[in-house]
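Subject: Structure handover

Hello,

Please find the structure below. My notes on its disulfides and salt bridges follow.

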Amino acid sequence: NAGVTQTPKFQVLKTGQSMTLQCAQDMNHNSMYWYRQDPGMGLRLIYYSASEGTTDKGEVPNGYNVSRLNKREFSLRLESAAPSQTSVYFCASSQTGLLNWREGIEQYFGPGTRLTVT
Amino acid sequence: EDKVVQSPLSLVVHEGDTVTLNCSYEVTNFRSLLWYKQEKKAPTFLFMLTSSGIEKKSGRLSSILDKKELSSILNITATQTGDSAIYLCAVEAHKYGNKLVFGAGTILRVKS
């Protein structure tokens, strides 16, 4: 049981390049999330997926797209990277269901991807 | 605008000291408050608080929620160097359904 896994661990991009961050969870969770973490700003929600087949914008979605490929996988794409997207990116998942929202709000986090855009 | 503010931003103590970390929030339709510990990599869950005045405890860590004051504290007694981490407070807020809004975190360093 690996929990939440992310690839790659580190990435350096040039301005304008594109890339996809991969995330997978093996806990059969319904909900998945992408956050970015910057110094002094805590974790900010980029996009989330409440269930397979749905995605919604979070607090800072500009410059990103996501795909919920299946229940296990949720990817984050940067189409044209900018230096402002230099950050540490975390994927998370939770069991939160549509009817029983009180259960399973606890989110489990992946190890993070450190992205630098030059 | 939903907001979670943590204080202090950073703290250095000696082993054996007791520390209190603070979290205050302004959110629409509060549902729960969560504490996470982040060491080198991913945040790990500590507590979830939904009711005012009920202390949650795990070993040397404890936490309590005050809905009247819109705040929570996380106490760590007899600190150890292994407690050095960023402590994150998050609130389940209405703006994004039942998603979490995080504070900036408190960086705790415990010196031996």
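A salt bridge here is a side-chain nitrogen of Lys or Arg within 4 Å of a carboxyl oxygen of Asp or Glu. Searching the whole structure on that basis gives six salt bridges over all chains.

Some conventions before the details. This is a predicted model, in which local features need pLDDT of at least 70 and side-chain atom pairs count only at pLDDT 80 or more, while totals for chains, interfaces and linings use all residues. Residues are numbered from 1 along each chain as its sequence is written, chains are lettered from A and ligands numbered from 1 in the order in which they are written, and side-chain values use heavy atoms, with hydrogens and water left out.

Salt bridges

In chain A, Arg36(A) pairs with Asp38(A), with 2.9 Å between the closest N and O atoms. Arg36(A) is buried at 8% relative accessible area, and Asp38(A) is also buried, at 10%. (Buried means under 20% relative accessible area, exposed over 50%, and partly exposed in between, using a 1.4 Å probe and protein chains only.)

In chain B, Lys37(B) forms a salt bridge with Glu39(B), the closest N and O atoms being 3.9 Å apart. Lys37(B) is buried, with 14% relative accessible area, whereas Glu39(B) is partly exposed at 47%. Back in chain A, salt bridges with shared partners link Arg36(A), Asp38(A) and Arg44(A) into one network.

Another salt bridge in chain B connects Lys3(B) and Glu26(B), at 3.9 Å from N to O. Lys3(B) sits in strand S1 (residues 3-7) and Glu26(B) in strand S3 of chain B, so this pair ties together parts that are 23 residues apart in sequence. (Strands are DSSP runs of E, at least two residues, numbered from the N terminus.) Lys3(B) is partly exposed at 41% relative accessibility, and Glu26(B) is partly exposed at 47%.

Disulfides

Two disulfides turn up over all chains, a disulfide being a pair of cysteine sulfur atoms within 2.5 Å.

Cys23(A) is joined to Cys91(A), S to S 1.8 Å. Cys23(A) belongs to strand S3 (residues 19-25) of chain A and Cys91(A) to strand S9 (residues 87-94), so the bond ties together parts 68 residues apart in sequence. The torsion about this S-S bond is about -70°, so the disulfide is left-handed. Both cysteines, Cys23(A) and Cys91(A), are buried.

In chain B, the sulfur atoms of Cys23(B) and Cys89(B) are 1.9 Å apart in a disulfide. The S-S torsion for Cys23(B) and Cys89(B) is about -65°, which makes the disulfide left-handed. Both Cys23(B) and Cys89(B) are buried.

Regards

Conventions. Helix = DSSP H or I, 4+ residues; strand = E, 2+ residues; numbered from the N terminus.
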